[in-house]
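Subject: Structure handover

Hello,

Please find the structure below. Notes on what was found in it follow.

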Amino acid sequence: MKTDQIRGPVLSLFRIVAGLLFVCHGAATIFGVLGGNRGTGHAMAFGTWPGWWAAAIQLIFGTLVLVGLFTRVSALLCSGSMAYAYFMVHMPQGLFPIQNGGEAAAMFCWSFFLITVLGPGAWALDTLIHRARNHQEEAETYAPAPVQA
């Protein structure tokens with residue numbers, strides 16, 4: 001099996017799943033859907049630091065990662081927010097994720113960091129935009145020169 005042929009689609013699927021799961025966390029916290037904030041069935045109060053703002057990052061930048069738009073920057077912000085969550089919220093409870101309940105934060109942090117490094121994959125708006133720009137540049141490069149009289 002040639003892994004080069006499936007690398008782009010598999011990376012895209014990984015990005016889509018990670019983005020979707022992140023968006024679900026943000027939507028649960030901000031809108032009280034999908035079980036609500038931490039399973040309470042309720043939304044978090046607007047502007048509450050840091051939870052509401054973290055949920056806003058999850059919702060907005062998770063959506064951008066999901067669709068593959070501004071992917072690397074969005075994934076880096078998502079990764080950083082989860083690093084903050086791990087070190088500021090979970091780590092004071094214990095060093096290891098299994099002890100402090102920070103497994104999701106750690107996995108999201110490293111997953112989004114991986115997306116930052118490897119890019120969005122083949123099925124992303126960033127990729128479509130890049131291809132369209134390159135196609136347009138090629139068309140302009142190979143266009144016949146205007147005839148001068």
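How many of the 149 residues of the protein chain, in percent, count as buried? The share is 35%, where buried means under 20% relative accessible area, exposed over 50% and partly exposed in between, with a 1.4 Å probe and protein chains only.

This is a predicted model, in which local features need pLDDT of at least 70 and side-chain atom pairs count only at pLDDT 80 or more, while totals for chains, interfaces and linings use all residues. Residues are numbered from 1 along each chain as its sequence is written, and side-chain values use heavy atoms, with hydrogens and water left out.

Overall form

The protein chain has 6 helices and 0 strands (DSSP runs numbered from the N terminus: H or I of at least four residues for helices, E of at least two for strands). Its C-alpha trace spans about 75 × 40 × 25 Å along the principal axes. The radius of gyration is 20 Å, whereas a compact globule of 149 residues would have one near 15 Å; the radius is taken over C-alpha atoms, and the globule rule is 2.2 Å times the number of residues to the power 0.38. Of the contacts (heavy atoms within 4.5 Å) between residues at least 6 apart in sequence, 62% join residues at least 24 apart.

Helix H5

Just after H5, Gly 119 has a positive phi of about 90°.

H2 and H3

These two helices pack at about 145°, with axes 8 Å apart; axes are lines fitted to C-alpha atoms, for helices over the stretch in contact, and angles run from 0 to 180 degrees between N-to-C directions. Among the residues making the contact are Ile 57, Phe 61 and Leu 64 of H2, and Leu 77, Cys 78 and Met 82 of H3.

Ser 12

Ser 12 lies in helix H1. This serine is buried, with a relative accessible area of 0%. Leaving aside residues up to four places away in sequence, Ser 12 touches Pro 120, Gly 121, Ala 122 and Trp 123.

Regards
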